[in-house]
Amino acid sequence: MFEIKDGSFYLNEKKFNIYSGAIHYFRTVPEYWEDRLTKLKLAGFNTVETYVAWNLHEPKENEFDFTGILDIVKFIETAKKVGLYVIVRPGPYICAEWDFGGLPAWLLKDKNMRVRCNYPDYLKHVERFYRELLSRLNPHLITNGGNIIAMQVENEYGSYGNDKEYMQYMKDLMIDCGVDVLLFTADGTLSSMLSAGTLDDVYKTLNFGSGAKTAFNSLNRFNEVAPKMCTEFWCGWFDHWGGKHAKRSYSSVLKEINTFIDMDANFNFYMFHGGTNFGFTAGANYDSKYRPTTTSYDYCALLNEYGDYTPAYHAVRKLLLEKQNIEPQPLPPSPKLQNIGEVRLTESTSLLGNMENIGEKHFSPYPENMEYYGQNFGMIYYKTVLKGEYGLSIASVSNVHDIAYVYINGQKKAKLDRRKNNIIKKILHKDGVVIPAFKGECEISVLVDAMGRVNYGSQLYDRKGIDGISIGNLQVMGYEVYTLPLDNLEKLDFSVEEKECPSFFKGTFKTDSKADCFVHLDGFTKGSVWVNGFNLGRFWSIGPQKSLYLPGVLLKENEENEIIVLELEKYSNPVISITDKHVLS
């Protein structure tokens, strides 16, 4: 039994402090779960915390997936095997720098949809998912002999809204689904956040990265006799494309951990092991402008992206073991790394020339967002033909989300970047491209690269694609639309000539090892990489990330391994290198 008594946590009638670390099962391949969890346990932690990624578990409405990297039950069972308790944060919204904060993109097909509030259609979807998820987790609750000691109600709700009826609904739904372990909320330390995000009868915790003594004072207004808990102690931070790699000294981390222990407080390291935003799962932030998150979720965590020890790991481990009088045990070895070397990509083909092979064709009077067509991730292509006689014009493209490549009669004429202003955008307050005068026909096509959906704040309704094309007040109508989720590259036809990007490049390589490694794309600009059909994630020469993590378990020993690179913009040499060095500058 896990409970709150006399202002402290008690586990099986003995006082218990939560020393937890965050590991997201969906950011680490399952073959490595036991290794990461063992390293957590041997560093003096007793609990692991994880979010739940609704958007991956229910990729299509009422179609569920709990297999492979999504086998959360196996993750929880593995934690129990190595001697760890578990805190589950089931969302439905998780933030986590994850696409749409973990909410499924198909919610956005309904243009009236309202999320994270007492909106009936939203609640209907949440309830269906919770009943599916929690029926799987309930056997692993500590009240049923398992190792799940607590679950969160929503997530940092006070940073988003103040719908108390919604929060009460979420609490009641969890209980109705059979959850009878400790429930809690987690919010920032501002009084507004705590006022909006908490419930009177639910245990309240905080999220912060420093100043523990001051932070915990923010809970004094509730006059509760309850243990102090920091559910997210931010030991680092995440990276955005085009920014600097976040770093934090471990001396400042040690100072805060010492303070927690001296205050008899509880904490969860966010992150103990950050892992990777494989595929197209990385989210984005929107403050003054749109800022997409990198593929790496290194987060300055105690274990780095590929599970190796950091100086911070050893320092925190030493502190936690000494404070708890735990004798150090031998650690698992560091991950094995390998240097495969250069790989020449000997085949290439056009993305636009493969539209019929890898895309699904639709017809629309107006260009709709990709969610309207049932697409979650990838790219989307719009084509329309103007007929008649037009003078020199500017075609404005509305609501580009996120980067659009515009073609006039098959020739690339513009790159429209949501993050940036160009001359046309400054004048019209819309993205646009110049169309020469013509008589007859003019084809306009737009290829949109959807980066991560916003995962935090008021800009959550981040539908991808474009909303329309207009010339003056004239709305251009009649479109062929190709959805391109890029999850079926086995259908690519490499006999289609590659003239200019966007292009796919393919090569093969052999190795006699399943050791981890890193793909470097120095001759490329922007795109994604697949190895043996697995999407490693996005790359972009603007950094700070300069290589992609390749888990060795994805490789075939002494056989041909296939690598496919999608390059959207330009390249200097169709050669990549696979080395034992990871570069986060």
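View 1. Out of 112 residues in the largest nonpolar core, the ones that touch the most other members are Phe-45, Tyr-122, Leu-137, Met-151, Ile-257, Phe-260 and Phe-269. A nonpolar core here is a set of buried Ala, Val, Leu, Ile, Met, Phe, Trp, Tyr and Cys residues joined through side-chain atoms within 4.5 Å, and buried means under 20% relative accessible area (1.4 Å probe, protein chains only). Keep in mind that this is a predicted model: local features need pLDDT of at least 70, side-chain atom pairs count only at pLDDT 80 or more, and totals for chains, interfaces and linings use all residues. Residues are numbered from 1 along each chain as its sequence is written, and side-chain values use heavy atoms, with hydrogens and water left out.

**View 2. Leu-137 and helix α3.** Skip the neighbours within four places in sequence, and Leu-137 is in contact (heavy atoms within 4.5 Å) with Ile-72, Val-73, Ile-76, Val-88, Ile-148 and Met-151. Helix α3 (residues 72-81) has Ile-72, Val-73, Phe-75, Ile-76, Thr-78 and Ala-79 buried. These buried residues pack against β4 (19-23), α1 (33-42), β5 (47-51), β6 (85-89), α4 and β7 (148-152). After α3 comes Gly-83, with a positive phi near 95 degrees. Helices (H or I, at least four residues) and strands (E, at least two) are DSSP runs, numbered from the N terminus.

**View 3. An open sheet of five strands.** The order is β15-β26-β31-β28-β29, with antiparallel pairing. At the edges sit β15 (347-350) and β29 (534-540), each pairing on one side only. Strands count as paired if DSSP finds at least two bridges between them. Strand β28 (residues 526-531) is joined to β29 by six bridges, and Val-529 stands opposite Gly-537 in β29.

**View 4. Lys-506 in strand β26.** Lys-506 is found in β26 (residues 503-509). Why does Lys-506 count as buried? Because its relative accessibility is 17%. Not counting residues up to four places away in sequence, Lys-506 touches Leu-345, Thr-346, Glu-347, Phe-494, Glu-562, Ile-563 and Ile-564.

Conventions: Buried means under 20% relative accessible area, exposed over 50%, partly exposed in between (1.4 Å probe, protein chains only).
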